[in-house]
Amino acid sequence: MKTSASGIVILGAVAMLGQSAHAGECDKACLEGIAAAYRAAYFKHDVSLAPFAKHVRYSENNAAMTFPDGTWDTVSAEVDAPLILTDPVTGQIGIYTSILQRQTQGFLAVRLQVRDRHITEVEHVVATRRNVSSPPVPMGDVLQYHRDVALRDPIPESQRLPRAAIRQLADGYFSTLQYNTGEIRGTRFAPGAVRHENGVMWTDLEQGFKSGRYRYNNRVRDRDCFLVDEERGFTMCRGFIDHKGVLDEYTMTDGTTAKSNYQEPQSWGFLESFKVSKDGILAVEATFSAVPYYLRSPWTKKPDPTYDASKFPITPHAAPGTTPASK
């Protein structure tokens, strides 16, 4: 078993953070130092190891709570190396990592908001077998799963897209996932694009969408792609996938009959990131957990009006009164 990434690296980053405490704006190196400090504090259960503001807003699996609480009290180890995303424009950090709570395995996604070099907001989505237990859903083994190191690589400058274009491809992905009929809606996929969901890899993403396999996803709502790591070509997004439970058997685009896993109202809450170049979506990293049906996130500023995507199959924006997904 691999435990927390090198303590020397983490403590060194914390020291660098202290040395640059008066350097002005929090650039990429500053944010990466704060990410390392956060991980050190989290895994040691010691808030003094990271630069937290006096008042910190905190949620875990979309439940607002007093900071620290939840897995801050139970996490025992980090497994494998994390994926760190940073956005100096918005002062936000994204972290995807694998954790243990003693014997309980989990995949953890974190969003941090940094203002004046202090962490003011902490948002966790953690997936364990207990909180993704029904209906059947991918859940990998954290002791066997290793994130592709290429996810951390910068996108060559000649292949980079503007911030708005990166977010638009992610939003198009969600529009394609919502009431999936086989139509690709406002996005595109690079050859060989892969998706990792709670430590399970899926390949041939475009063909999966063209098959209409995911029609049971009635809506992908309250979408917010709040972070863009321009150097790495990533955007990190929050949202919910709702299943109304009314769809039973349906026909995919090849004529095959399929049966929905969802026989009752059910929702997933997620923090999902997309690595993008001019070729399209290269990779997807998603952590999600079950939540009460139609739960709202405490971080959603302008929730979407209620809509039924099966009645507006092109895009949620076609439904009367809905609002753009990406902020």
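Which handedness does the disulfide of C225 and C237 have, and what is the torsion about its S-S bond? The torsion about the S-S bond of C225 and C237 is about 95°, so this disulfide is right-handed. The pair links distant parts of the chain, with C225 in strand β9 (residues 219–229) and C237 in strand β10 (residues 234–243), twelve residues apart; strands are DSSP runs of E with at least two residues, numbered from the N terminus. Both C225 and C237 are buried, where buried means under 20% relative accessible area with a 1.4 Å probe and protein chains only.

The model is predicted, so local features need pLDDT of at least 70 and side-chain atom pairs count only at pLDDT 80 or more, whereas totals for chains, interfaces and linings use all residues. Residues are numbered from 1 along each chain as its sequence is written, and side-chain values use heavy atoms, with hydrogens and water left out.

The structure holds two disulfides, a disulfide being a pair of cysteine sulfur atoms within 2.5 Å. With bonded cysteines counted along the chain, they follow the pattern 1-2, 3-4.

| Disulfide | S to S distance |
|---|---|
| C26 and C30 | 2.0 Å |
| C225 and C237 | 2.1 Å |

The link of C26 and C30 is left-handed, with -90° about the S-S bond. C26 counts as buried because its relative accessibility is 14%, and C30 is likewise buried, with a relative accessible area of 5%.

Definitions and conventions
Buried means under 20% relative accessible area, exposed over 50%, partly exposed in between (1.4 Å probe, protein chains only). Helices (H or I, at least four residues) and strands (E, at least two) are DSSP runs, numbered from the N terminus.
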